[in-house]
Structures are given as structure tokens and as C-alpha cells.
Amino acid sequence: GTPSKDNMIVFNGDYVDRGPRSIEVLITVLALKLCFGHWIHINRGNHEDEQMSRVYDFEAELQSRFNTNGASQILEAAGKCFTQMPIALVLKDSLILHGNIPRDAKSLSDLEKTPRIASVATLHFETFKNSKQLQQARLLQDILWSDPNADQGTPFAPNARRGGAGAAVSDDMLATFLHNHHLVRLIRSHEVTALGAERYQLSATTERWTVFSQARYPYGEGLNKAA
């Protein structure tokens, strides 16, 4: 239905690099935001990143459809747009973000302090002058790149499946975070699910949802359904 106070629509990242029409997807989402304001919320995903958009399909798509100068200008404008996107939303009793909770966040207010950084894709390989600078940047990478971890013994483990980007967050740690902040669920994206949406019960009062809205990923060859 039409976005409204009672029908808010949340887009949860990865508008580019998910098919041959990234620019149309991005423009459509932004146009909806302009038309409906507060009733459309746009979260940033890990592919809304200056480096990722060059390494994966977005830059190549632009170069194949526009001249070199035009592609460069669109990519630069998109990069500025990515940096300004919100990284999380609390909607009633749900926390909505792209990856998972960050290891350095003690409260929801810490999420509000997340810095606007153009790229955090290779953050874990970089050298920082001080630990505070690293902690602030890692906050953003964790939110965009982290995944669930079936191993309950380690609250935040290295995220080997992403080459070290973000953390592997134990379900116990996530359940505790949600409970402490009076939340019922985390709604995330970031990975393919067979049926488009997957629910996992964390505890008696908390749950985790993973929602993925592109069918047959990647390149139309997969078997997954869309949310």
C-alpha cells in the first residue's frame, strides 16, 4: 500500500551490485523517499560503500551505460549519497539494520554516534593513529558487515566468511542486547535466504529475522526466493 504513518516502508541496504539495474533501483528508492518523506526509511548496506561500488558491479554498470565522464560523475554523487544514509532504525520493538549489532556498542545511543565514513570495506586491514579512531570506524563496519554465529561460546568472533570484515555475533549476545534495550527482534539483511525471509528464535522473548529481497541471486542463477 501507499507509505503512511501506519504503513512505513524500510529499505535495508544493498541497492547496488545486486543485478544489472542498480541505478534504477537506487533512483527509485531515493524518489520514494522524496515523495513520502518520513514514511520511507533508507538504511545503508555494506555495498553502499565507495570501494565496494568500484570492486563489484556498480561502476562497471555505469561505464557500460554512460560515457566515461558521466559514469564518473554518477559514481561520485552516489558515493556522497551512501555516506549520508542512516545505518539503523528502531521501529516499535524492532531494531533494523543491515548486518548485526556492533561489538563496541553498549547502548542504542552509541549507534547514533556512528561516524559517516565513505568506505569501511577494508577497515580491518588499515592502521589507525589511535584506538578511539579505530573504535568509531569499526562501529560502522560491524553494523554493515557482521553476521550471526552459531558458536555461543564467543560473543564476538572473527568474521572469517567476510574475510575479517565485521564480527560473527553469537545469538546469546544478540538476545542479551535486545533484552537490555526492551526490543523483541533484530531485522537484518546481508545474506541470501532460501525463502526470502528467515526467522530464528533467540530466546523466549527475542528473535532474529534475515530478509533478502532479490530472487535467484546471483545473476539470476540461484534458487532462492525473494522476500
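Mentor: The answer below goes from the cores to the rings and the backbone.

Two ground rules. This is a predicted model, in which local features need pLDDT of at least 70 and side-chain atom pairs count only at pLDDT 80 or more, while totals for chains, interfaces and linings use all residues. Residues are numbered from 1 along each chain as its sequence is written, and side-chain values use heavy atoms, leaving out hydrogens and water.

Start with the largest nonpolar core, which has 25 residues. Such a core is a set of buried Ala, Val, Leu, Ile, Met, Phe, Trp, Tyr and Cys residues joined through side-chain atoms within 4.5 Å. Buried means under 20% relative accessible area, exposed over 50%, and partly exposed in between (1.4 Å probe, protein chains only). Leu95, Leu144 and Trp145 have the most contacts inside this core. Which elements give two or more residues to this core? They are strand S4 (94-97), helix H6 (131-145) and helix H7 (171-180). Both kinds of element are DSSP runs numbered from the N terminus: helices H or I of at least four residues, strands E of at least two. H6 gives the most to this core, with six residues. There is also a second, separate core of 14 residues. Val16, Ile40, Ala78 and Met85 are among its members.

Go back to Leu95. Contact means heavy atoms within 4.5 Å. Not counting residues up to four places away in sequence, Leu95 touches Ala88, Leu89 and Val90, and also Ile101, Leu108 and Leu111.

Arg185 sits in strand S8 (residues 185-188). Beyond four places in sequence, Arg185 touches Asp93, Ser94 and Leu95, along with Leu178, Glu207 and Trp209. Asp14 lies 171 residues from Arg185 along the chain, and their C-alpha atoms are separated by 21 Å.

Now a loop. Lys92 is found between strand S3 (88-91) and S4. Its phi is positive, about 60°, although Lys92 is not a glycine. Is Lys92 buried or exposed? Exposed, because its relative accessibility is 78%.

Turn to the rings. Rings of Phe, Tyr and Trp (its six-membered ring) pair if their centres lie within 6.5 Å; planes under 30 degrees apart count as stacked, over 60 as edge-to-face and the rest as tilted. By this rule there are two aromatic pairs. Phe58 and Phe82 make a tilted pair, 6.4 Å centre to centre with 45° between the planes. This pair links distant parts of the chain: Phe58 belongs to helix H3 (residues 57-65), Phe82 to helix H4 (residues 68-84), and 24 residues lie from one to the other.

Phe212 and Tyr217 form an edge-to-face pair because their planes stand at 65°, with ring centres 5.4 Å apart. Phe212 counts as buried at 7% relative accessibility. Tyr217 is partly exposed, with a relative accessible area of 24%.

Finish with the backbone around Tyr217. The peptide bond from Tyr217 to Pro218 is cis, with omega near 0°. Pro218 lies in the segment after strand S10 (207-211). Arg216 is also found in the segment after S10. Arg216 has a positive phi of about 50°, and Arg216 is not a glycine.
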